[in-house]
Amino acid sequence: MPQAAPGPLPVDKIRTLAFVGPAAAGKTTLAEALLHRTGAIGTPGSVERGNTVSDHDALEVKAGHSLQSSVLHADHAGCRVHLIDTPGGLDFIGQSLPALEAVETAAIVINAATGIEPMAQRMMDYAAERGLDRLIIVNKIDAEGADLPALLADLQAAFGKECLPLNLPDAGATQVVDCFYNRDGHSDFGAVADAHRALVEQVVEVDGAFVDRYLNEGDVDASELHAPLEQALREGHLIPVCFVSARSGAGVAELLDIIARLLPNSTEGNPPDFLNGEGEAATLMHAQPDPAAHVLAHVFKVSIDPYVGKMGFVRVHQGTITPGTQLYVGDGRKPFKVGHLYLQQGKSHVEIPSAGPGDICAVAKIDELHFDAVLHDAAEDDHIHLKPLPFPVPVHGIAISPKRRGDEQRMWEIMGKLVAEDPCLKLEHVAQTNETIVYGLGELHLRTLLERLREVHKFDVETRPPRIAYRETITQNAAAQYRHKKQSGGAGQFGEVHLRVEPLPRGAGFEFVDQVKGGTIPGQFMPAVEKGVREALAEGVIAGYPVQDVRVIVHDGKHHAVDSKEIAFVTAGKRAFQAAIRDAKPVVLEPIAKVQITAPDSAMGAITGDLSSRRGMVSGTDSGKLGTLTVHGQAPVAELADYQTRLNAMTAGQGRYALALSHYEVVPPQVQQQLVAQHKVQEED
């Protein structure tokens, strides 16, 4: 049974931060070092041994890196620190980004040996867009070959001169020395006084009164600078840099002091942007970090375990939640009652009596909870939601089907749970190809999903590349007729249909026109003729793909007073249509996607050349941040099946892309020949 945790703390004693940044920067090891230093855990674990608090999932232990965000907590210097450790792989950004919704500070962890990597750049941008305080933590300062002064210069070149060190490595990176409160001494970078002066000057710039004091007195006691420091952090006027080695422990104690003494509580950071209402009528509002106000809380993570059930991870922005509190989920009309509140420590938890502004807690076994839900206790708050996060669009897809027949419903139920945990996964049934397709951000993302499906939920699926949703159409008018006559002893079958086909503009769909006169086909049989035509439409004629953009005009036929039946006219309509299509110079159409590719401008030549080789074309480019360009273009969907892998190779993993269906175009003749030949083989088989 979980033990009760200490009682609630005042808002000003709560700190929230997320460790974000590239894989192998040491975020999990650093979290372990902080927990150990505060006494939250006895012996620090290691990623290599698979016994860290953060990476508790069996698949994470097997992979040797984080796959999901993990919620932790520690107490230091009278403060409670809520810490979220996030995965660093670009494929798992659906776990990293939501963590930014739950914290005041984004701590971007940099590997001193490898420098600034794409994930660090991306998370810095996201944190700035959300108005979060940003802290840069340079980890592995004792790594062989690490050039720390050069790295600090790189950080300032990439993110601005406002990146200033709060402490500096000393004694060959075996320890660190404070630069904010401390004016004296030396470091591996030189005199501490220089770093101290730069910090104080940067902070006082946001407050005119302190500027005057600084100019008159030559210095200001750093202990008096808390308010302007918090303002500088809120405005992005200061992005502190601190140095640490999670392995050796150098700088770990100092980092804890920085978190407790200098990082903001929820009354000091920029409040998140809530929207009240929908669409253009929505108005911006901010929660008030008042424990006595009505409740506003946000579900930033959902975990659905086959044994534990659904657990929602919640950041409280306003009000106080206690066991027994009745809460609504978004615009839901039926409230649920909170049973237990938990303070998480990886997979472990302790029960707490309440959670107020700034707290991060978990609630279990509430089926109505879902990712991004706003929880509230007042009916008038039912249209409040957070400003949406800019998640990358999942475009890397695989078709899945259960290995055992009859398990389709169970597959959908389990996949639904897995998709509910990750906003960068999408599951859909494509009617055109009759396939279930799951989309993710890359091959690793989907491979991990399938492994979780197999290992955790004990469910096996077969996978294959998604079928391309080709179409067929015609390029000229044609006419045909077909008589269906069947006599077998008793009553026979008879129906004759005469029709014409005409091409329609691309995207127009299908039209069925009845121009029969004189009752040659009685009215009660015309729906049967249309049914036969639609069957042929769905099955395709030359390559087995649905026919579109065609008008069918039925203008004549014959019937028999005794033998004419619906089935006869279904067959006659279908065969007449198929014959007319074959005479109307049919072609196969392929889907063309709008492509938007964002990558370093140095890779643009390779990207545009590769797009051309894939029968694509570039329609324009836009300049982005810090040396990136966005290419807009079009390409056939069939040519983009492995595009993320190719893009990673061209951009060293820094490129990303999005797709949207644009239109259909005629395939090249050689492609049509291949598709028609494949269809003939399938028909013969």
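Where is V206 found? I began with this residue and placed V206 in the loop between α6 (192-204) and α7 (208-217). Helices (H or I, at least four residues) and strands (E, at least two) are DSSP runs, numbered from the N terminus.

**Entry 1: ground rules.** I noted that this is a predicted model, in which local features need pLDDT of at least 70, side-chain atom pairs count only at pLDDT 80 or more, and totals for chains, interfaces and linings use all residues. Residues are numbered from 1 along each chain as its sequence is written, and side-chain values use heavy atoms, with hydrogens and water left out.

**Entry 2: V206 continued.** I looked up the accessibility of V206 and found 18%, so V206 counts as buried. Buried means under 20% relative accessible area, exposed means over 50%, and partly exposed lies in between (1.4 Å probe, protein chains only). I then listed its contacts, where contact means heavy atoms within 4.5 Å. With neighbours within four places in sequence left aside, V206 is in contact with P228, Q231, A232, E235 and H237. From V206 to A227 I read 21 residues in sequence and 9.9 Å in space, C-alpha to C-alpha.

**Entry 3: the whole chain.** I recorded 16 helices and 35 strands in the chain. The C-alpha atoms fill a box of roughly 110 × 60 × 50 Å, taken along the principal axes. Of the 685 residues, 53% count as buried. I also looked at contacts between residues at least 6 apart in sequence, and 72% of these join residues at least 24 apart. The accessible surface of the chain comes to about 29800 Å², and 49% of this belongs to carbon and sulfur atoms. Such areas come from the Shrake-Rupley method with a 1.4 Å probe; for residues, only the protein chains shown count as cover.

**Entry 4: charges.** I noted 62 positive and 88 negative charges in the chain, with their mean positions 10 Å apart. Lys and Arg count as positive and Asp and Glu as negative, while His and the chain ends are not counted. The place of a charge is taken as NZ of Lys, CZ of Arg, CG of Asp or CD of Glu.

**Entry 5: aromatic rings.** How many aromatic pairs does the structure hold? I noted six aromatic pairs. Rings of Phe, Tyr and Trp (its six-membered ring) pair if their centres lie within 6.5 Å; planes under 30 degrees apart count as stacked, over 60 as edge-to-face and the rest as tilted. F180 is buried, at a relative accessible area of 3%, whereas Y181 is partly exposed at 28%.

I next looked for charges over rings. The charged end of R261 sits over the ring of Y181, 4.0 Å from its centre. I found the charged end of K426 over the ring of Y439, 4.8 Å from the centre of that ring. A charge sits over a ring if NZ of Lys or CZ of Arg is within 6 Å of the ring centre and within 35 degrees of the ring normal.

**Entry 6: positive phi.** Most residues other than glycine have a negative phi. I looked up A24, whose phi is near 70°, a positive value. A24 is placed in the loop between β1 (14-20) and α1 (27-38) and counts as exposed at 55% relative accessibility. Phi of A173 is also positive, near 65°. I found A173 in the loop between β7 (167-170) and β8 (175-178). Is A173 buried or exposed? At 8% relative accessibility, A173 counts as buried.

Entry 7: L135 is in strand β5 (residues 133-139) and is buried, with a relative accessible area of 0%. Not counting residues up to four places away in sequence, I found that L135 touches T105, A106, A107, I108, P240, C242, L255 and L263.

T621 lies in strand β33 (residues 617-623) and is partly exposed, at 47%. Beyond its neighbours within four places in sequence, T621 is in contact with T630 and V631. L135 and V631 are 496 residues apart in sequence and 32 Å apart in space, C-alpha to C-alpha.

**Entry 8: G442.** I placed G442 in the loop between β25 (435-440) and α11 (443-455). G442 is buried, with a relative accessible area of 2%. With neighbours within four places in sequence set aside, G442 is in contact with D91 and H396.
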